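Q: Hi! I have a fold open on my screen and would like to talk it through. Can we start with how the helices pack?

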Amino acid sequence: MNDRRHGPSSRLTRLRLAGDQAAEVLVAAEPEQRFSPHWHEEWSIGAVEEGLCEFACAGGRYRASAGSVVVMPPLALHTAGVSVGRFAMAMFYLPAGWVARELGWPEDRRPHMRQVSFRDVGLQRDVCDAARSARVDALPALARRALGVAAPGQAVVPLRPTHDPRLQPALELLARDAVPDMASVARRCALSREHFHRLFRAELGLTPGQYARLAKIVRAKSLLGHGHSPASVAAECGFVDQAHFSRWFRRCFGVTPGRYGTQ
């Protein structure tokens, strides 16, 4: 077993796209890594080079081994664990609007997912090569290849985590407030607190409190990406201290805030 003090380290890097947009690339190299439930606002396109990744995404369970490609839509709740021994995987996180423009999709909708994980050794190698070299120029072709397999071009669904419009104010409030008052959030949705809680859990598979905690870590990553320091982000997002923030960030995104940088 690798000693994590001396073994390979994962890294999460922002890549500048045209305009003011950015993609991200995760190069994961640590065996036995466990990712807590979280989501990304971007399309996730990844490939397993060595080892095995077992993951859950939007209620389904999957296994991706060497030679496999993984594709997850924006806002899909997921968690993962990777094998012992040697492990290597690369993941690109591509802005939904950028992907829609590259593939000619409506920006507020996305195709139904046909496959979340599939075997394609050629695409797997190209994803890993592009991730190691941080090749932004390779991203349009990789997106077309990965999403062309994963999603048919016709049937589309809204690009949002819930289909019930009554919950939209709650999603906005829970994502914005570090310590939201759930009774006030329920009133904004014109629902009793009990009905709000039941409806929210039925729609998203999470309690409002769980959603608020996960939205907080996603917001924290966005602030880091825009140049805020880990200490200021921890304070603004309501973490107890910077160490608490660092632990949660690593559980969700595989690296500490200090290893999240810009290319």
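Q: At what angle do helix α4 and helix α6 pack?
A: In this predicted model, helix α4 (residues 168-176) and helix α6 (residues 193-204) pack at an angle of about 85°, and their axes are 12 Å apart. Axes here are lines fitted to C-alpha atoms, for helices over the stretch in contact, and angles run from 0 to 180 degrees between N-to-C directions. Helices (H or I, at least four residues) and strands (E, at least two) are DSSP runs, numbered from the N terminus.

Q: What does that make α4 relative to α6?
A: Roughly perpendicular. Angles of 65 to 115 degrees get that label, while those under 35 count as roughly parallel, those over 145 as roughly antiparallel and the rest as oblique.

Q: Which residues make the contact?
A: A170, L171 and L174 of α4 meet F196, F200 and L204 of α6. Contact means heavy atoms within 4.5 Å.

Q: Which residues of α4 are buried?
A: A170, L171, L173 and L174 are buried in α4. Buried means under 20% relative accessible area, exposed over 50%, and partly exposed in between (1.4 Å probe, protein chains only). The cover over these buried residues of α4 includes α5 (182-188), α6 and α7 (208-225).

Q: Back to L204: is that residue buried or exposed?
A: L204 counts as buried, because its relative accessibility is 16%. The C-alpha atoms of L204 and A58 are separated by 9.3 Å, although the two residues are 146 apart along the chain.

Q: You mentioned α7. What does K221 touch?
A: K221 lies in helix α7. Leaving out residues up to four places away in sequence, K221 touches L12, E24, H40, E42, F249, F253 and Y260. K221 is buried, since its relative accessible area is 5%.

Q: New topic: what is phi like at E32?
A: Phi of E32 is near 65°, a positive value in a residue other than glycine. Most residues other than glycine have a negative phi. E32 is found in the loop between β2 (22-28) and β3 (34-38), and at 26% relative accessibility it counts as partly exposed.

Q: What about phi at A134?
A: A134 has a positive phi of about 50° and is not a glycine either. A134 is in the loop between α2 (121-133) and α3 (139-150). At 18% relative accessibility, A134 counts as buried.

Q: How many helices and strands does the chain have?
A: Nine helices and 13 strands. Buried residues make up 49% of the 263 residues in the chain.

Q: Which ground rules sit behind these values?
A: Residues are numbered from 1 along each chain as its sequence is written, and side-chain values use heavy atoms, with hydrogens and water left out. As this is a predicted model, local features need pLDDT of at least 70 and side-chain atom pairs count only at pLDDT 80 or more, while totals for chains, interfaces and linings use all residues.
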